[in-house]
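Colleague: Hello! Could you walk me through the pockets of this model?

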Amino acid sequence: MQEPKVLIFDDVDKLAEDFTNHFISLMKLKTGNFHIALSGGSTPKVWFEHLVKNHKYDIDWARVQLFWGDERCVPPIDEDSNYGMTKKYLLDHINIPKENIHRIFGELNPEEAVPLYEKELSNVLPNKDEVPVFDLVILGMGADGHTASIFPHQIELWDSDQYSVVAKHPETGQRRISLSGKVINKSRSIAFLVTGENKAAKIMEILHKTKDSDNYPASRVAPEKNNLYWFLDKAAASQIQI
Ligand code: 6PG
């Protein structure tokens, strides 16, 4: 496994601009549909706002097939919904065909939503070794080292044979649906977008491969194609030496 490419930015706007250029350059590497899995939480909002303000017409949205790396098991109008956040900050501001949007049905019982999402993944994405292949998976990381919705206390879910799994938030008990490591690591390219001082300790442990780092799901991200990028602001990178 090649070393990940670690990019550090003075502030989140510079990170968002550079990541947008990265995204556009990845789209130029191929023709036809570009399959992407978005992350949730708050970090993507910064990128979405930057994208809408500065580059919304620079992207051929008709080529973009949008999925999510994870979703909270709540209705799309719930303030916790990753789809709802994406709609508010991105989808409502760009001209993307509605059939290009493949959300996880958080409003359903996870036992119903998972097979529906797995079917969509299989129907829309190309596959390799019978695993759906994304062109780009965008990931965030929690201060506990979780990524997507695979948390340390359920790290075994990372190795599920399924494309997506039902997870549970360690504090709130909220149920989540998450891509498994099997799909995430099959992606042609992966980009972490991580900002904030509260992530710095785990970033250091993961990038410096300290003895406990293997316990953090974010450390298990290792795309077969070796295209792993960490887009970090200075605060999140404050404890690493590169
Ligand atoms: C989610 C995410 C999760 C997120 C991290 C970081 O649904 O919450 O996909 O993996 O990326 O928790 O969240 P912040 O960007 O809010 O710090």
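Modeller: Happy to: the ligand sits in the largest pocket. This is a predicted model, where local features need pLDDT of at least 70, side-chain atom pairs count only at pLDDT 80 or more, and totals for chains, interfaces and linings use all residues. Residues are numbered from 1 along each chain as its sequence is written, and side-chain values use heavy atoms, with hydrogens and water left out.

Colleague: What is a pocket, and what does "sits in" mean?

Modeller: On a 1 Å grid over the protein atoms alone, a pocket is an open set of points with protein on both sides within 12 Å along at least five of seven lines; a cavity is a set where a 1.4 Å probe fits but cannot get out; lining residues have an atom within 4 Å of a point. A molecule sits in one if more than half of its atoms lie within 2 Å of its grid points. Here the largest pocket holds about 320 Å³ of space. Its lining has 19 residues, and G40, G41, M141, G142 and H146 are the closest to its centre. Both α2 (43-54) and β4 (70-72) supply at least two lining residues each.

Colleague: Which residues come nearest to the ligand?

Modeller: A residue is near if one of its heavy atoms lies within 4 Å of the molecule. There are 15 residues around the ligand, and S42, T43, R72, A148 and K199 come nearest.

Colleague: And which polar side chains have an atom by a ligand oxygen?

Modeller: A polar contact is a pair of N or O atoms within 3.5 Å. S42 has a side-chain N or O atom 2.7 Å from a ligand oxygen, H146 places a polar side-chain atom 2.7 Å from one, and for D70 the distance is 2.8 Å. The ligand has 410 Å² of accessible area on its own (Shrake-Rupley method, 1.4 Å probe), and the protein covers 88% of that.

Colleague: How do the residue classes divide around the ligand?

Modeller: Ala, Val, Leu, Ile, Met, Phe, Trp, Tyr, Cys and Pro count as nonpolar, Asp, Glu, Lys and Arg as charged, and the others, Gly among them, as polar. The shell around the ligand has 2 nonpolar, 9 polar and 4 charged residues.

Colleague: What is the volume of the second largest pocket?

Modeller: A volume is the space filled by probe spheres set on the grid points. For the second largest pocket that gives about 220 Å³. P4, I206, K209, S219 and V221 are the closest to its centre among 15 lining residues, and the classes there are 9 nonpolar, 3 polar and 3 charged.

Colleague: How many cavities of 30 Å³ or more are there?

Modeller: The search of the whole structure finds 1. The largest cavity has a volume of about 60 Å³, and its lining residues include V12, W47 and L193. That lining divides into 6 nonpolar, 2 polar and no charged residues.

Terms used: A polar contact is a pair of N or O atoms within 3.5 Å; within protein, one must be able to donate a hydrogen and the other to accept it, and residues adjacent in sequence count only if both atoms are side-chain atoms. Helices (H or I, at least four residues) and strands (E, at least two) are DSSP runs, numbered from the N terminus.
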